[in-house]
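The following note sets out several points for a colleague who is examining the structure. Each point is brief and may be read beside the coordinates.

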Amino acid sequence: LCPGWEFLFPQASTMFARCTRKCASSVLLLVLLCCVLSPPAQARKSSEDIRCKCICPPYRNISGHIYNKNVSQKDCNCLHVVEPMPVPGNDVEAYCLLCECKYEERSTTTIKVIIIIYLSVVGALLLYMAFLVLVDPLIRKPDAYTQPLHNEEENEDARSLAAVPTPSGARANTVLERVEGAQQRWKRQVQEQRKTVFDRHKMLS
Amino acid sequence: MVNAGDMNGSGNLMDFLDEPFPDVGTYEDFHTIDWLREKSRDTDHHRKITSKSKESIWEFIKSLLDAWSGWVVMLLIGLLAGTLAGVIDLAVDWMTDLKEGVCLSAFWYSHEQCCWTSNETTFDDRDKCPQWQKWSELLVSQSEGASAYILNYFLYIMWALCFAFLAVSLVRVFAPYACGSGIPEIKTILSGFIIRGYLGKWTLLIKTVTLVLVVSSGLSLGKEGPLVHVACCCGNFFSSLFSKYSKNEGKRREVLSAAAAAGVSVAFGAPIGGVLFSLEEVSYYFPLKTLWRSFFAALVAAFTLRSINPFGNSRLVLFYVEYHTPWYMAELFPFILLGVFGGLWGTLFIRCNIAWCRRRKTTRLGKYPVLEVIVITAITAIIAYPNPYTRRSTSELISELFNDCGALESSQLCDYINDPNMTRPVDDIPDRPAGPGVYTAMWQLALALVFKIVITIFTFGMKIPSGLFIPSMAVGAMAGRMVGIGVEQLAYHHHDWIIFRNWCRPGADCVTPGLYAMVGAAACLGGVTRMTVSLVVIMFELTGGLEYIVPLMAAAVTSKWVADAFGKEGIYEAHIHLNGYPFLDVKDEFTHRTLATDVMRPRRGEAPLSVLTQDSMTVEDVETLIKETDYNGFPVVVSKDSERLIGFAQRRELILAIKNARQRQDGVVSNSIVYFTEDPPELPPNSPHPLKLRRILNLSPFTVTDHTPMETVVDIFRKLGLRQCLVTRSGRLLGIITKKDVLRHMAQMANQDPESIMFN
């Protein structure tokens with residue numbers, strides 16, 4: 001960005017600066033949204049994607065049959081689709097009254113894209129779960145149990161009054177350490193949730 | 001009050017990785033918000049924006065953006081909710097069929113999609129085509145016979161177990177809050193409770209992914225309740241992008257109400273029904289502005305889902321029906337019978353399910369959630385496979401039961417004896433005698449009905465996303481269809497009886513069993529959830545016609561009356577009571593004649609009220625008081641002798657203010673006097689610097705006198721969303737009533753266990 005940006009538009013720059021923190025996580029979701037929404041928008045109707053389906057029940061000595069054909073919606077009726085016509089000319093109208101024709105369309109690209117995206121998300125989650133459950137405890141130095149279990153019930157406010165507050169200026173410097181910190185925080189949150197739901201049955205029972 | 005996030009100037013991209021700094025004005029987890037304060041903060045925000053908008057063009061544009069941000073949020077919620085619902089529908093369609101076979105030409109096609117272009121489908125075997133093969137055909141090249149059946153059976157069970165195990169593992173490892181239906185917790189959140197992480201991004205992702213897995217595994221559950229949770233997560237996510245909603249918990253809940261409407265809208269393809277459901281069942285406060293915005297969000301969501309077109313026919317729900325045959329007044333009698341059945345089933349289900357969930361909560365059963373899911377899935381798969389009506393997915397079952405039998409249906413349910421010379425067009429088939437296929441279908445349906453009634457009791461409430469709408473509708477549809485076929489055959493064989501003579505002539509199409517199935521579904525759903533208007537609107541949006549409103553209403557009203565005769569709570573209120581959430585229901589009526597003195601704390605014999613004084617306590621005294629007690633707030637009085645009330649101070653804000661003061665202000669030590677007045681008190685010389693805490697004091701706490709009837713107090717708590725209320729007599733502070741005390745008192749009056757109210 002050009003260096004004069006902050007002088008020319010001070011309010012805009014502060015607004016965008018504050019926005020990046022929230023926008024980063026929203027970018028991921030919006031990208032996913034675009035990925036999913038754009039294929040249906042761009043999909044041209046291939047010949048596989050439209051059909052007119054006519055179902056004709058048994059009539060006299062003719063058995064029932066299903067006819068499929070690639071026609072447009074205005075041509076989707078018995079006369080255009082049922083070929084070859086199993087009844088002679090004067091019976092065609094009676095036969096066609098019994099048949100029911102429906103126009104259907106689908107988007108094969110949408111189906112393919114969505115199923116493949118879904119499977120890749122499930123695969124990624126499976127890998128991450130395997131990593132967290134199997135690999136992570138091995139590569140991390142086993143931390144001493146920092147607080148015995150009964151301390152969890154202790155008054156958290158008393159701890160916060162007495163504890164030395166971390167100076168907010170001394171942030172972890174490298175990106176890796178900050179990712180580590182965020183991941184540790186997330187793991188702690190999930191552990192807390194797990195305790196609430198699965199162990200103490202305080203919620204969602 | 002310096003926000004540490006701004007200390008380094010403009011933050012960079014990685015700032016979102018750092019821990020958020022708690023500041024004054026946010027709430028702690030598992031606490032209730034202060035609705036009045038949120039409302040006044042919103043008014044301040046609005047006033048500031050309006051006054052600044054006159055200053056410059058940029059400020060004016062900012063004020064316009066602020067005004068439109070509500071609509072932008074609704075648009076985004078609708079888009080994302082519709083997209084996720086489309087993804088869920090398509091993935092469920094595919095994975096359900098994966099249990100039985102696979103498409104060889106392209107593995108991502110479900111059974112119907114695979115056979116779409118095939119020319120080899122015949123009238124009798126319209127499901128078969130060579131591209132889609134069952135597992136037995138693929139593995140041992142046999143499609144009929146005992147070994148093929150056993151192999152298919154075994155693989156069906158294996159796939160179901162695999163999906164269910166994967167789902168419960170994902171929930172346990174990544175997002176434990178993603179289990180259950182979500183609607184009881186969302187009701188509590190919308191009433192002002194804070195549950196951090198319940199509407200987070202991981203919960204959204206895991207709930208979407210595992211919902212597909214559990215619905216595909218064949219368990220007896222639905223996706224409508226979890227879709228409401230998913231939509232509310234989307235609402236929470238988008239509202240955090242705009243400061244108008246992210247900083248104000250009251251405004252955020254308006255967005256969540258609208259998101260819940262969008263969730264129901266995509267679940268049923270019923271935008272109006274979704275808005276009414278949000279109004280009736282989910283929301284606590286529903287201002288009129290939210291009504292229009294909810295409708296917009298619901299419409300955008302429905303439109304997005306329609307453009308994804310998951311079912312290939314531009315319909316939003318698998319079981320949309322399109323017939324318009326008339327019904328007759330004499331049929332109201334079986335409809336009301338179906339309503340009674342729905343009410344009785346609702347009561348039975350609620351009682352049994354709550355008993356089972358309580359057992360899961362208190363005994364050793366709750367220690368094995370993964371094993372429980374696997375066992376229930378195995379039982380469901382083993383019993384469901386032999387019966388063709390339970391083998392397929394519940395939505396398909398409901399769709400078949402709702403559909404009327406034309407001449408073109410080839411299912412067993414439509415195996416009527418046809419007149420071979422008949423040449424009537426397809427939609428005017430007269431009543432016919434039932435063939436052998438119909439009798440087989442009837443007893444299979446009866447077995448399926450009993451199975452579904454029993455297994456849903458054990459399935460709802462497990463540690464996986466589970467909804468209740470589809471199983472209830474399935475139970476009602478099966479019962480309704482059986483009653484409908486019974487009435488139809490009765491009318492055909494005895495059309496000279498007095499009850500049929502007037503309206504059913506031989507050769508006419510009098511009875512539509514599909515309509516009975518619909519009415520049964522509405523009755524059962526109403527009996528369980530106690531929905532009224534929203535149920536009828538959802539059902540008539542599903543059927544696309546206003547002809548059937550009277551039967552639906554008759555059944556819904558009957559089922560609600562019958563169910564209310566046994567117990568006042570619907571399933572969601574019952575789960576709220578089971579979990580002990582602090583939810584003050586607007587539907588409960590308080591009719592006892594107790595007074596405020598009977599409920600206030602401290603009672604006679606208890607320790608006196610912990611108060612702060614205006615200017616005679618030191619910092620150390622305040623800290624000791626906070627450490628020794630666990631109250632959420634303290635009243636501030638003039639002095640210990642004259643207990644005249646000045647205001648109310650919250651515990652969290654006291655802690656934060658004292659912590660900040662110790663760090664930043666010079667001279668504040670443990671002996672400093674804490675004062676809440678405008679000017680510091682008279683202090684002897686050489687005393688340490690006093691600490692002014694007036695800005696955290698709420699100068700207008702709500703007070704009632706000791707003789708106020710509890711009816712009025714409960715009303716005040718409900719209408720204003722209070723957390724606590726102070727009790728005075730002749731201007732002197734007597735005690736305090738908190739929301740928890742009110743809930744306990746109501747539980748005690750209703751002879752329930754008052755100790756079950758757990759949260760603060």
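This is a predicted model: local features need pLDDT of at least 70, side-chain atom pairs count only at pLDDT 80 or more; totals for chains, interfaces and linings use all residues.

**Notes on chains A and B**

1. Lys251(B) has a relative accessible area of 6% and is therefore buried.

2. Lys251(B) takes part in a salt bridge with Glu254(B), with an N to O distance of 3.7 Å. Both residues belong to helix α10 of chain B, where they stand three residues apart, about one turn of the helix.

3. Lys251(B) also meets Asp42(B) in a salt bridge, here at 3.9 Å from N to O. Asp42(B) and Lys251(B) are both buried.

4. Another salt bridge joins Lys692(B) and Glu678(B), whose closest N and O atoms are 3.6 Å apart. Lys692(B) is part of strand β8 (residues 691-692) of chain B, while Glu678(B) is in the loop between β7 (673-675) and β8, so the pair ties together parts 14 residues apart in sequence. Lys692(B) counts as partly exposed because its relative accessibility is 35%. Glu678(B), at 47% relative accessibility, is likewise classed as partly exposed.

5. How many salt bridges does a search of the whole structure find over all chains? The search finds 29. A network of salt bridges links Lys187(B), Glu281(B), Glu573(B) and Lys587(B).

6. Two helices of chain B, α13 (residues 332-362) and α22 (residues 549-566), pack with their axes 7 Å apart and at an angle of about 40°. The orientation of α13(B) and α22(B) is therefore oblique. The crossing of α13(B) past α22(B) is right-handed.

7. With a relative accessible area of 47%, Leu65(B) is partly exposed.

8. Arg392(B) is located in the loop between α15 (388-391) and α16 (394-402), and its relative accessible area of 27% makes it partly exposed. Its C-alpha atom is 8.1 Å from that of Thr96(B), although Arg392(B) and Thr96(B) are 296 residues apart in sequence. Lys640(B) occupies the loop between β5 (633-637) and β6 (645-650). Lys640(B) counts as exposed because its relative accessibility is 55%, and the cut-off for that class is over 50%. A distance of 9.2 Å separates the C-alpha atoms of Lys640(B) and Ser616(B), which are 24 residues apart along the chain.

9. Which elements make up chain A? Chain A contains seven helices and three strands. Their order from the N terminus is α-α-β-β-α-α-β-α-α-α. Of the 205 residues in chain A, 31% are buried.

Technical notes: Residues are numbered from 1 along each chain as its sequence is written. Chains are lettered from A and ligands numbered from 1 in the order in which they are written. Side-chain values use heavy atoms; hydrogens and water are left out. Buried means under 20% relative accessible area, exposed over 50%, partly exposed in between (1.4 Å probe, protein chains only). Axes are lines fitted to C-alpha atoms, for helices over the stretch in contact, and angles run from 0 to 180 degrees between N-to-C directions. Helices (H or I, at least four residues) and strands (E, at least two) are DSSP runs, numbered from the N terminus. Angles under 35 degrees count as roughly parallel, over 145 as roughly antiparallel, 65 to 115 as roughly perpendicular and the rest as oblique. A crossing is left-handed if the near helix is turned anticlockwise from the far one by less than a right angle, and right-handed if clockwise. A salt bridge is a side-chain nitrogen of Lys or Arg within 4 Å of a carboxyl oxygen of Asp or Glu.
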